[in-house]
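Good morning, and thank you for making time for this item. Please bring up the sequence and the structure, and I will then go through them in order.

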Amino acid sequence: MTFSFRESFLRIQSFAHKKPLDVDLEEEMTTHLQFAIEENIQRGMSPQEAERQARISFGGPQQSKETHRESRGLPFLDTLLRDIRYTLRTLWRDRAFAAIAILILALGIGANIAVFTIVNTLLLRPLPFVKSDQLAWLDSNRGIGGLSSMTYKISVYDDYAKQNRSFDQVTAYMPFFGSGGYSLSGRGEPRAITGVMVDSNFFQTLGVKPLYGRGFLAGETAKGAAHVAILDNSFWRQYFNSDPSIVNAIITINKQTYTVVGILPPSFDFGAAFAPGQRIEFFEPYPWDDIRQWGNTIFIIGRLKPGATIQSAQSEVDLLMPQMRATHKDWYSDYATRVSSLSDHVRGKLRSSLIVLWSAVGLILLIVCVNLANLLFARSAARSKEFATRTALGAGRSRIVGQLLTESIVLSAAGALLGLVFAFGIVSFVARQATLALPLLTSMKIDGATLLWALLITALAAVLFGLAPGFLIASANLRAGLASSSRGSTEGKHFHGLRSLLVISEVAVACVLLVGAGLLLRSFLRVLDVDLGFQPSQASALTISYDDNGKPEHRIPILKEILRRVQQVPGVEAAGISDMLPLGRNRSWGFSAVGRVPSKDDSPDSYDAYIRIVTPGYLSAMGMHLRDGRDFDWALDRPDTQSAVIINEAAARVQWPGQNPIGKLVDCCNKNPGVIIGVISDVRQNSLEDAATPEMFQSYSQAGPEGSELIVRSKLRPEALGPALIKTMRDFSPDQPIGEFRPLQQIVETSTSPRRFFVMLVGSFATLGLILAALGIYGVISYMVTRQRQEIGIRMALGASRSDVLFGVVNRTLRLAFVGIAIGAVVSFAAGKWISSLLFQTQPGDPMTFVAMFVIFACVALLAGYIPAQRAARVDPLVALRYE
Amino acid sequence: MAPSEPKLDLLQGTLDLMVLQTLATLGPQHGYGIARRIEQDSGDAILLNQGTIYAALVRLQQRGWIAAEWGVSDNNRKAKFYSITKRGRKQLSTDAAYWQRLTGVMGRVLSLQNEGDNE
């Protein structure tokens with residue numbers, strides 16, 4: 001039916017204002033009857049006859065009212081409201097069913113909404129920058145190796161910025177920042193803060209406009225320029241109480257005065273995009289000229305010109321870099337560059353995990369729908385008499401299906417509302433996991449896209465689980481339902497076959513989930529089992545700072561004194577200092593055995609190695625294993641002696657295969673070769689999952705560090721030890737900023753947190769799937785037992801024992817489950833192959849996982865079948881036969 | 001309800017047309033007047049449930065073909081008076097022409113059918 005605009009408007013109006021229109025009509029009808037009666041009396045009828053005739057001519061008043069309403073209002077909406085009212089009434093009558101159905105739906109829909117929010121935030125939504133699809137990321141060394149390999153020298157950046165034709169703008173930042181590398185003082189107790197050096201056009205290129213103040217100016221990166229800083233929004237809110245007057249004020253960082261020139265907007269979170277799991281407090285312009293001579297220090301980001309693409313930029317850089325290198329003798333790398341979209345750089349690695357997560361939760365929804373369809377089947381079978389009666393009274397099939405659909409929509413709407421609450425809980429919980437090393441997570445929230453998605457899956461679920469029983473009911477011979485007792489009739493078998501099929505598919509899907517989760521869990525356990533090369537338990541780290549004017553001869557006495565005092569703190573067993581901890585940031589230096597002849601077979605890590613600057617005692621405080629040689633020694637390794645180098649086994653393998661490296665000379669550190677004094681077992685450097693590459697250690701007395709992390713080994717709990725340690729440090733140097741005393745275990749956990757996160761989510765979905773499948777099995781078997789009560793009674797009367805009945809039911813349950821498990825196992829194998837890139841030292845067909853899945857499922861199925869089986873066995877033949 | 005729907009549609013269309021025609025010839029009328037007039041004009045050949053006229057009236061009103069106003073009848077009763085609008089007259093002439101054509105065609109077709117039956 002199509003109405004004109006005017007008519008639609010009037011109809012909606014009439015629909016909304018039933019009462020006055022009904023009153024109006026009532027009045028008109030009364031007048032009408034009076035006219036008729038008067039006319040009839042005039043024609044000579046008695047008053048009674050006149051009224052009778054008038055009423056006969058008028059017809060049913062109720063019917064007139066109905067047709068009046070139908071032609072003026074919105075009859076389908078009236079029907080819908082009636083259906084909804086009826087549904088609410090029937091669901092209220094069947095509260096237990098409704099509660100279970102809504103809960104199941106809420107779990108399924110809630111999980112879907114939560115995961116969609118995660119996927120949307122991490123994968124689908126554009127990055128929080130202006131026209132973020134134009135932003136590109138450049139990796140040197142084709143994106144292989146540590147930070148030092150993938151970054152650029154300043155002169156590369158300068159030349160590239162001038163010569164490229166692909167980008168409107170290029171900008172850069174320095175990724176070698178440590179957490180708490182700066183000390184903010186002058187406002188209460190000194191505080192360790194984290195700052196990032198960026199080029200002056202950094203925010204402009206990303207399209208980030210300061211909330212207050214301005215961005216950096218071009219001159220501010222020049223040598224000798226006054227120090228300026230831009231503050232991160234949440235740091236400004238917490239530390240400066242959202243005071244806008246801080247703009248243009250002076251703050252003291254590392255004893256230097258900085259002018260605050262701007263405050264960033266809350267939408268910009270540097271850590272979320274570029275350093276997941278880290279909070280950045282302020283930004284300062286990159287002091288170009290001071291570090292122009294240094295090695296690789298910066299990452300390059302560019303904004304593509306209109307018309308330029310990642311591919312065209314890649315082709316250009318492939319031609320440009322060799323040309324540029326020809327004019328620079330001091331470049332020791334060819335800067336073979338990989339251009340990727342910034343979006344890919346930030347979240348490309350997550351894509352497969354997130355898609356797996358999304359699929360898992362989609363399977364959950366499928367199981368939920370199957371479960372609900374099953375529940376509704378049972379319910380509609382019980383209601384077949386009701387439907388038969390309604391059909392007999394003239395209800396069309398479409399009306400009955402419509403009524404059933406209304407019921408499923410009401411159920412899933414209620415489930416979706418509750419699910420939203422669940423999702424809200426999960427999402428706010430996840431967003432608060434600041435240590436979770438996943439990008440963009442802090443910006444996670446339930447937004448319009450999420451709600452739209454919620455609506456979509458709710459509707460989908462309603463149709464999926466609502467239509468199936470609806471069609472079955474509509475197609476079944478309902479008159480038969482009215483005539484015969486519904487129990488034991490042939491249509492029951494029809495129902496039962498379908499329900500068994502549903503349960504089998506449910507079990508199969510749950511199997512896939514369980515195997516997937518099992519494989520991921522096993523990978524995770526394997527990761528946790530990895531030999532880190534150090535002992536994180538009972539060790540903690542504290543970022544410290546001291547004033548040495550950059551001179552080793554000043555540094556040595558300070559560090560000796562710090563270590564002496566720390567070792568006197570009760571409970572401290574060992575202490576040492578390193579500039580960088582494992583699993584954190586890294587840098588590498590050139591590293592090559594003296595006299596080594598380059599060959600074609602050289603691997604990319606033949607010429608450099610990660611460098612960590614450490615104090616004597618650091619290796620043992622970390623629990624690293626010195627396999628050969630000796631540790632550093634303040635007395636032996638002095639600024640004026642030959643550079644002493646400790647290497648890991650990987651470096652020994654690459655540089656001196658099959659030889660003892662102790663005493664060998666190496667080009668690594670300065671003009672004079674260093675000498676190898678020790679070899680340690682490999683330490684996981686960047687992640688638990690990647691094997692170690694060459695690494696070297698040098699002493700604080702002989703090389704320039706990039707910060708200082710104090711490592712303390714103690715049996716005391718970190719909360720107990722921390723305050724004493726911080727006090728010791730503060731007594732030593734009152735300017736010591738308050739850093740965080742972090743257990744090393746926490747650093748390891750941050751590193752494994754993405755995997756832990758995915759395993760946790762997939763694992764809980766699998767558990768949910770298992771429970772739902774168990775419920776499905778229970779539902780079908782229990783229903784079957786109820787329907788066959790009479791049959792069981794007869795069999796028992798004929799001599800079947802209780803255990804015969806019990807085993808019979810359990811047997812059927814297991815048959816059902818095994819078919820599902822068998823199908824599930826086959827599909828799981830394929831699914832395992834599909835997720836193999838996410839597995840760690842685990843085969844897609846890992847027998848342990850499959851066996852465990854089989855055992856778990858068999859037990860669950862047994863339990864789900866045993867309960868109704870026992871009920872069947874308790875059937876009293878006399879009662880069962882009389883019962884009808 | 002569902003199976004009888006096509007029949008109702010036809011009746012609905014006819015009733016709407018009759019109401020419009022009545023108002024066009026008689027001028028403003030109340031519901032009872034319209035109903036009686038239709039019964040008389042049809043020579044009581046159609047069985048009209050007078051109550052159903054109000055559904056037609058509200059429908060025509062919503063389409064803007066007739067207007068309604070509370071007034072006082074000859075015998076001093078408060079009643080709602082309906083009158084045809086300009087748009088209603090236009091609609092009436094369109095619908096009347098359509099019906100005349102349709103009845104003409106139907107008559108011809110049905111008489112053909114009868115000849116066929118006779119053979």
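In this predicted model, chain B has a mean pLDDT of 79, and 81% of its residues reach 70 or more. For the model as a whole, the scores are ipTM 0.80 and pTM 0.75.

Let me stay with chain B and turn to its fold. The chain has 4 helices and 3 strands, and along the sequence these follow the pattern α-β-α-α-β-β-α. Of the 119 residues in chain B, 28% are buried. Taking the contacts in chain B between residues at least 6 apart in sequence, 49% join residues at least 24 apart.

The 3 strands of chain B form an open sheet in the order β1-β3-β2, with antiparallel pairing. Why is one side of β1 (29–30) and of β2 (66–72) of chain B left without a neighbour in the sheet? Both strands stand at the edges and each has a single partner strand, so one side of each has no neighbour there. The link between β1(B) and β3(B) consists of 2 bridges, and these strands run antiparallel. Within that pair, B:Gln29 has B:Tyr82 of β3(B) as its bridge partner.

I come now to the contact between the two chains. Chain A contributes 24 residues and chain B contributes 19 residues. On the chain A side, α1 (5–16), α2 (18–42), α3 (47–58) and α4 (61–72) of chain A each supply at least two residues. Which of the elements gives the most to the side of chain A that touches chain B? That is α2(A), with 8 residues. By class, this side of chain A has 12 polar, 6 nonpolar and 6 charged residues.

Next, the domains of chain A. The domain assignment gives domain 1 (5–73), domain 2 (132–349), domain 3 (351–529 + 750–882) and domain 4 (546–736). The C-alpha centres of domain 3 and domain 4 of chain A lie 56 Å apart. How many residues does each of these two domains bring to the contact between them? Domain 3 of chain A brings 4 residues, and domain 4 of chain A brings 4 residues. On the side of domain 3 of chain A that touches domain 4 of chain A, there are 2 nonpolar and 2 polar residues, and no charged residues.

Chain A also has strand pairings that I would like to describe. Strand β3 (residues 182–185) of chain A is joined by 3 bridges to strand β4 (residues 191–193) of chain A, and the two run antiparallel. In this pairing, A:Tyr182 has A:Ile193 of β4(A) as its bridge partner. The hairpin of β3(A) and β4(A) has 5 residues between the strands, and A:Gly186 in this hairpin takes a positive phi near 95°. Strand β3(A) is also joined to β8(A), by 2 bridges, and these run antiparallel. There, A:Leu184 stands opposite A:Ile253 in β8(A).

A:Leu231 stands opposite A:Ile263 in β9(A). Joining β7(A) to strand β10 (residues 282–285) of chain A are 2 bridges, here with the strands antiparallel. A:Ile230 stands opposite A:Phe283 in β10(A).

Finally, two backbone angles in loops of chain A. A:Asn241 is a residue other than glycine with a positive phi, near 50°. A:Asn241 lies in the loop between α10 (233–239) and β8 (250–253) of chain A. Is A:Asn241 buried or exposed? With 8 C-beta neighbours inside 10 Å, A:Asn241 counts as exposed, because the cut-off for that class is 12 or fewer. A:Gln841, again not a glycine, has a positive phi near 50°. The loop that holds A:Gln841 runs between α26 (802–834) and α27 (847–873) of chain A. A:Gln841 has 13 C-beta neighbours inside 10 Å, so A:Gln841 counts as partly exposed.

Technical notes:
Residues numbered from 1 in each chain as written. Chains lettered and ligands numbered in written order. Predicted model: local features only at pLDDT ≥ 70, side-chain atom pairs only at ≥ 80, totals over all residues. Contact = placed C-beta atoms within 7 Å. Nonpolar A, V, L, I, M, F, W, Y, C, P; charged D, E, K, R; others polar. pLDDT = per-residue confidence, 0-100. Pairing = 2+ DSSP bridges. Domains from an automatic or database assignment. Buried ≥ 20, exposed ≤ 12 C-beta atoms within 10 Å, placed from the backbone.
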